[in-house]
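Please keep the structure in view while working through the numbered points.

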Amino acid sequence: MPHLKDILGDTVRDRCERARLTPRENEVRKCVLRVFAARGSPPDPKEIADLISGTPEMREKLPMAREIPDMVSLSPEMPDVLQGPPENPDMHSLPPENPDISPIARKRPDGLPLPPEKPDILPKIPAVSDVLPVPSEIEVLQALARLHAADILTLRGGRIVAAYPFSAAETRHLVVFSDGHTAYALCAADALGIHFLLDEDITVRSLCPECGREIVIVLEGGKIQSCDPAGAIEFVKARDRCGCHADACCPDLNFFCGPDHLAQWQECGVHSREGVVFSLEEALEESRSIFKGFLG
Ligand SMILES: [Zn+2]
């Protein structure tokens, strides 16, 4: 049985290790993931700078990222990726940027109601400013550009739209936390990975690409507590495109109700037959190996 990294080329964990991030870049990476996890939407650069500098009073005063219409004006010497809309045609396969990513406005594609949301709460960012000076917004922007270049997160038009395993845009993989708040995962493997990233019990609600049925997977203590339908599987299509993983791989990494629905989906002729099927237990181990300790 091949591993996910063999099929995909590498994983975000590999890319992160290869990038040899500076302490500041790593601090920004973790801050982005913690905010994404806490409220399902990414922070903007000013918020990151303020959170890292970290007094509770500053956090109190922070507006939510989605209430800020545009990111700060960027200086001309900033990397292109932080300025204006993206030019890379490979980026177009990601879902279009949704200007309103408020969890309240979210609906499932199948129209099912979401569980009640709790008010947004910013996470507590461990104070590292004892070690590093408080970052300027420009430093945060530079760190974000580096993380984008290393395919650890994705910027579009100057905003964070994804940071593996989280997506700001709606996907077919919704993760529900035990307190009821939600976040979208980029793919099936990322949805399972959030359990290990945060060491939190979660419920994954993912839509079968063939029939649209919701597949509900309850994860507790590193194990699958339940899965409905019971025979659900994870299918990873062989990688045949270039570009960042969020574009090239994530749309092809899904749960199906079972082998029969995968076969029907493949037989329609539009989708490649090539790929690897993981049982849920195998899929869980793959996601554990990628995300366990990734935020540590
Ligand atoms: Zn199905």
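1. The protein averages a pLDDT of 80, and 69% of the residues score at least 70; pLDDT is the predictor's confidence in each residue, from 0 to 100. This is a predicted model, in which local features need pLDDT of at least 70, side-chain atom pairs count only at pLDDT 80 or more, and totals for chains, interfaces and linings use all residues. Residues are numbered from 1 along each chain as its sequence is written.

2. Two stretches call for caution. Over residues 61-79 pLDDT stays under 50, and the model has 28 contacts there beyond four places in sequence; two residues are in contact if their C-beta atoms, placed from the backbone, lie within 7 Å. Over residues 84-107 pLDDT again stays under 50, with 34 contacts beyond four places in sequence.

3. The protein has 10 helices and 11 strands. Helices (H or I, at least four residues) and strands (E, at least two) are DSSP runs, numbered from the N terminus. Buried residues make up 41% of the 296 residues; a residue is buried if 20 or more other C-beta atoms lie within 10 Å of its own, exposed if 12 or fewer, and partly exposed in between, with C-beta atoms placed from the backbone.

4. Eight strands form an open sheet with antiparallel pairing, in the order S1-S2-S3-S5-S4-S6-S7-S8. Its edge strands, S1 (153-156) and S8 (223-228), each pair on one side only. Two strands pair if DSSP finds at least two bridges between them. Strand S2 (residues 159-163) and strand S3 (residues 166-167) run antiparallel and are joined by two bridges; Ala162 has Ser167 of S3 as its bridge partner.

5. Which helices accompany this sheet? Helix H3 (residues 23-39) lies across S1, S2, S3 and strand S5 (182-185), at about 80 degrees to S2. Helix H6 (residues 137-149) packs on the sheet, touches S1 and S2, and makes about 115 degrees with the direction of S1. Axes are lines fitted to C-alpha atoms, for helices over the stretch in contact, and angles run from 0 to 180 degrees between N-to-C directions.

6. The axes of H3 and H6 come within 9 Å and cross at roughly 80 degrees. The two helices are therefore roughly perpendicular to each other, a class that covers 65 to 115 degrees (under 35 counts as roughly parallel, over 145 as roughly antiparallel, the rest as oblique). H3 contributes Arg24, Glu25, Val28 and Arg29 to the contact, and H6 contributes Glu139, Val140, Ala143, Leu144, Arg146 and Leu147.

7. A three-stranded open sheet has the order S10-S9-S11 and antiparallel pairing. S10 and strand S11 (275-279) are the edge strands, each pairing on one side only. Strand S9 (residues 233-237) pairs with S10 over four bridges; among them, Ile233 is partnered by Phe256 and Phe235 by Asn254.

8. In a regular strand the side chains alternate between the two faces of the sheet. Both faces of S10 (residues 253-256) are covered: Leu253 and Phe255 on one side, and Asn254 and Phe256 on the other, are all buried.

9. H7 (residues 188-198) is mostly covered, with 10 of its 11 residues buried. Just after H7, Asp199 takes a positive phi of about 55 degrees.
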